[in-house]
Amino acid sequence: MVETIVPVVHGGKRSSYRLSVALHVLGATIAAAALGAALGLVGMALGAPWDSAGVLALAAVAVLYALREAAGLPLPLPDRHRQVPDWWRTFFSPPAAAFLYGLGLGVGFLTFLTFGTFVAVATGALVSGDPLLGAAVCAPFGLGRGLSVLVSRRASSAEAAARVIDRLEAAAGRRGPRMVNAAALVAVAAVAVVAA
């Protein structure tokens, strides 16, 4: 997917590359915010915020996924283990494909997830029972995921971009990133417990 957004695809035209990146980021942010709003609506329909029970449920999810990251607790991630459709980049123009890829990645659960942090964020959107708060909580995930394509901005070929992404995926499995995510999840749990 990232091979569609590297500068070389745009024939060295920086303006075309920047447009594709902007559209990718926009698509990912819109999709994540829409997911958060939908989760907030579902929570509202189910009677959320459920007082302290909802906040404690959020804390429990955060602690479980923190244990997954820090101690290897065998807790599955609710993702599809698939990438966005590869054919989009051959059928659509690079900017259109970049936007569509952003939409697909922004939802989070429809592609690969490496860490459980977004599960806790999505749980927060659900237990809030507020579509606006849900959108605000999930949108930064899409923004970050969309901006991640910038790591390959210096790649001189699609193959070089793929190698950058492979190195990032390998790094994500190391202890440092896992501990950072575990610490973030512990912080979410602590804030939730204090709020309860």
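Let me start with Leu 73, which sits in the loop between helix 2, residues 51–71, and helix 3, residues 88–91; please keep in mind throughout that this is a predicted model. With a relative accessibility of 33%, Leu 73 counts as partly exposed, because that class covers values between 20% and 50%. Together with Val 63, Leu 64 and Leu 67, Leu 73 makes a nonpolar surface patch of about 300 Å².

From the patch I turn to helix packing. Helix 2 packs with helix 8, residues 175–195, at an angle of about 160°, and their axes are 8 Å apart. That angle makes helix 2 roughly antiparallel to helix 8, since anything over 145 degrees falls in that class, and helix 2 passes helix 8 in a left-handed crossing.

Now to the charged side chains: how many salt bridges does the structure hold? There are two of them. In one, Arg 68 pairs with Glu 69, where the closest N and O atoms are 3.1 Å apart. Arg 68 is buried, at a relative accessible area of 17%, and Glu 69 is buried as well, at 3%, the cut-off for buried being under 20%.

In the other, the side chains of Arg 178 and Glu 69 meet, with 2.4 Å from N to O. Because Arg 178 lies in helix 8 while Glu 69 lies in helix 2, this pair ties together parts of the protein that are 109 residues apart in sequence. Through shared partners, the salt bridges join Arg 68, Glu 69 and Arg 178 into one network.

Notes: Residues numbered from 1 in each chain as written. Predicted model: local features only at pLDDT ≥ 70, side-chain atom pairs only at ≥ 80, totals over all residues. Heavy atoms only, no water. Patch = residues over 30% accessible without salt bridge, like charges linked within 9 Å, V, L, I, M, F, W, Y side chains within 5 Å. Areas by Shrake-Rupley, 256 points an atom, 1.4 Å probe, with all protein chains shown as cover. Salt bridge = Lys/Arg side-chain N within 4 Å of Asp/Glu carboxyl O. Helix = DSSP H or I, 4+ residues; strand = E, 2+ residues; numbered from the N terminus. Buried < 20%, exposed > 50% of the residue type's maximum accessible area, 1.4 Å probe, protein only. Axes fitted to C-alpha atoms, helices over the stretch in contact; angles between N-to-C directions. Parallel < 35°, antiparallel > 145°, perpendicular 65-115°, else oblique. Left-handed = near helix turned anticlockwise from the far one by under 90°.
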